[in-house]
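Keep the viewer open as you read.

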Amino acid sequence: MNSSATVRFMLDDRIIELNDCDPTRSVLQYLREDLHRCGTKEGCAEGDCGACTVVIGEVVENELQLRSINACLLLLPMLHGKLLITVESLQGGKPELHPVQRAMVECHGSQCGFCTPGFVMSLFVLYKNQSKPDRNQINDNLSGNLCRCTGYRPIIEAAKLMYQLPAGQGPAWLYRNPQVRAEQVLIDQLQQIKPKQSLAIEYDGKRFFAPTTSEELAQLKHQFPEATLMAGNTDVGLWINKQLRQLPVIIYLGLLKDLYDIDDRGSNIRIGAMVSLSDAFALLSDYFPAFCDLIRQFASLPIRNAGTLGGNVANGSPIGDSMPALLALDARVQLHGADGRRELPLEDFYLGYQQQDLAAGEWVEALVIPKSAKDIQLAGYKVSKRFDQDISAVCASFALQLDNKLHIKRIRIAYGGMAAIPRRSKQAEQVMLGKPWNEQTLALACQAIADDFTPLSDLRASSAYRIRVAQNLLRRFYLQTTVEMQGQPLKLLDLMEVSA
Ligand SMILES: Cc1cc2nc3c(=O)[nH]c(=O)nc-3n(C[C@H](O)[C@H](O)[C@H](O)COP(=O)(O)OP(=O)(O)OC[C@H]3O[C@@H](n4cnc5c(N)ncnc54)[C@H](O)[C@@H]3O)c2cc1C
Ligand code: FES
Ligand code: FES
């Protein structure tokens, strides 16, 4: 394998090279302890509080794409080939405040200030990426930032005011409507450090590989069968930070270009395993608008920017939120390994608690989602204690197709939080098939759901509560579709917060 041990990235307008760095050191630790750029704070070290928010830049189709990311879950080698922007970057070496910072001051958006740099970075991305965000867009951009003293109203005011304040004296790319040439400088520099070969780092008994081809990946999987595959690190990062697990060999998938492929030209939508949750959900919501709501309640924006659809599916958590919707859509999973490729229905991929049909040498390559018939009705609902950044008690997704007599031609009823794996209620589907879409059929289905599942009781919900919620969500779907079919558009928030 033709590889290098040097992690190369840009910080502001400088190129930084790290040779044989500790591959499990987080960007947060590096910024604070090595560079003494202490603006970026540590609150939780698990992606929940946003005090560590930084901005990562990448060239995508010759444009500079800026995204907020949690530095506590970003490992140093994940910066390879990218641009890192921290709160210290925003003044561009000048004494004046950036318009985002000035807006925070003028709106009194900060008290103890611990959360403030994280908010500033989330606002900076908003300021750069959107010109007139509405309240929902502002809320979504701030969904990964917690403030314990100020309250959110002044921060939301700052999000509006920042657009009205004049640009400062720093580099033009820090401000709105930069001259094209200003951003082009960054794009050209990023093109120069674009990774051309694999990474192979050895540090203090730890090994970190980032292959660039599937052949290299297959070879590494063969050589290190116990290696941990890593995608966006939003699950794996918690094993490192919170469980203090030693991961002697990590194989990072981020340099495998093929895993970022998206193809929606034919009758299927194929989404590569490394496509971020943000990009995957944006695409899927074009085809299935119910996904718009799933996006809002799935983690926070920085987690969706880092986490991948492949990682969510491969991790196979019983409370993973994309799987119920993917199961309802009859998604298939494509696996790749040294012996070639195979494809199987997603529902067959889950064998038991944290057990997937994945051979030692295989990895998830893509998800394939059929573009369903136009008359299909799809909804997804997540029930959790909080709206943002919370784990599902129950997550449900339903897909319905009726014939011209309003009898059920096809139905999918899929849940997370109800079993050891994300799973369909086949019994409920069976009793509904061919029957009219009415109260009697619904009652039969609700009984079947209770027969089909024996959920756990845990700190999030009791078993009985989960059953009741699963039944009531199906009822809600019934009411929603029925009212809509009677020609009275009912604008329910498909995935609305329901207090557990
Ligand atoms: C604050 C926070 C909030 C969260 N909120 C939610 C939420 O609301 N809903 C939800 O469902 N999840 C949530 N998560 C969990 C996590 O973000 C998702 O599961 C995410 O999709 C994982 O993707 P990743 O790319 O980060 O995976 P990683 O952490 O890199 O990997 C996860 C697992 O999948 C394996 N893996 C990754 N890619 C592949 C592949 N291509 N082939 C084979 N194996 C692979 C890894 O080995 C590992 O076992 C949250 C996490 C955090 C930290
Ligand atoms: S320190 Fe809390 S999200 Fe990173
Ligand atoms: S200002 Fe104190 S936590 Fe936000």
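**Charged pairs, sheets and a ligand**

Start at Asp-140, which has a relative accessibility of 14% and therefore counts as buried, the cut-off being under 20%. Bear in mind as you go that this is a predicted model. Asp-140 has a salt-bridge partner in Arg-296, with 3.2 Å between the closest N and O atoms. Follow the chain and you'll see that this pair links distant parts: Arg-296 sits in helix H10 (residues 290-297) and Asp-140 in helix H4 (residues 135-141), 156 residues apart. Arg-296 has a relative accessible area of 21%, so it comes out as partly exposed.

Asp-140 also forms a salt bridge with Arg-304, and here the closest N and O atoms are 3.1 Å apart. Arg-304 belongs to helix H11 (residues 301-306) while Asp-140 is in helix H4, so this pair ties together parts 164 residues apart in sequence.

Now hop over to another pair. Lys-128 and Glu-183 meet through their side chains in a salt bridge, 3.0 Å from N to O. This one also links distant parts of the chain, with Lys-128 in helix H3 (residues 116-129) and Glu-183 in helix H6 (residues 180-192), 55 residues apart. Both Lys-128 and Glu-183 are buried. Elsewhere, a network of salt bridges links Glu-347, Arg-424, Lys-426 and Glu-429. The count of salt bridges comes to 28. As background, side chains of opposite charge can pair when their charged atoms come close.

On to the strands. Five of them make an open sheet with mixed pairing, and the order is E1-E7-E8-E10-E9. Which strands stand at the edges? They are E1 (3-4) and E9 (228-230); each has a single partner strand, so one side of each is left without a neighbour in the sheet. E1 runs parallel to strand E7 (residues 198-203), and 2 bridges join them. Look for Ser-4 here, which stands opposite Leu-199 in E7. Helix H7 (residues 214-223) lies across E7, strand E8 (206-210), E9 and strand E10 (249-252), and it runs at about 165° to E10.

There's another bit of strand pairing to look at. Strand E4 (residues 53-60) and strand E5 (residues 63-70) pair in the antiparallel sense, with 8 bridges between them. The two form a hairpin with 2 residues between the strands, and Glu-61 in the turn has a positive phi of about 50°. Val-60 stands opposite Glu-63 in E5. E4 is also joined by 3 bridges to strand E6 (residues 83-85), and these two run antiparallel. Within E6, Leu-84 is the bridge partner of Ile-56.

Finally, the ligand. How many residues surround ligand 1? There are 33, and the closest are Leu-229, Ala-231, Thr-234, Asp-235 and Thr-308. Zoom in on the polar atoms: a polar side-chain atom of Asp-235 lies 2.7 Å from an oxygen atom of ligand 1. In the side chain of Thr-308, an N or O atom is 2.6 Å from an oxygen atom of the ligand. With Asp-321 the atom belongs to the backbone: an N or O there lies 2.7 Å from an oxygen atom of ligand 1.

Conventions:
Residues numbered from 1 in each chain as written. Chains lettered and ligands numbered in written order. Predicted model: local features only at pLDDT ≥ 70, side-chain atom pairs only at ≥ 80, totals over all residues. Heavy atoms only, no water. Salt bridge = Lys/Arg side-chain N within 4 Å of Asp/Glu carboxyl O. Helix = DSSP H or I, 4+ residues; strand = E, 2+ residues; numbered from the N terminus. Buried < 20%, exposed > 50% of the residue type's maximum accessible area, 1.4 Å probe, protein only. Pairing = 2+ DSSP bridges. Contact = heavy atoms within 4.5 Å. Axes fitted to C-alpha atoms, helices over the stretch in contact; angles between N-to-C directions. Near = heavy atom within 4 Å. Polar contact = N/O pair within 3.5 Å; in protein donor to acceptor, adjacent residues only side chain to side chain.
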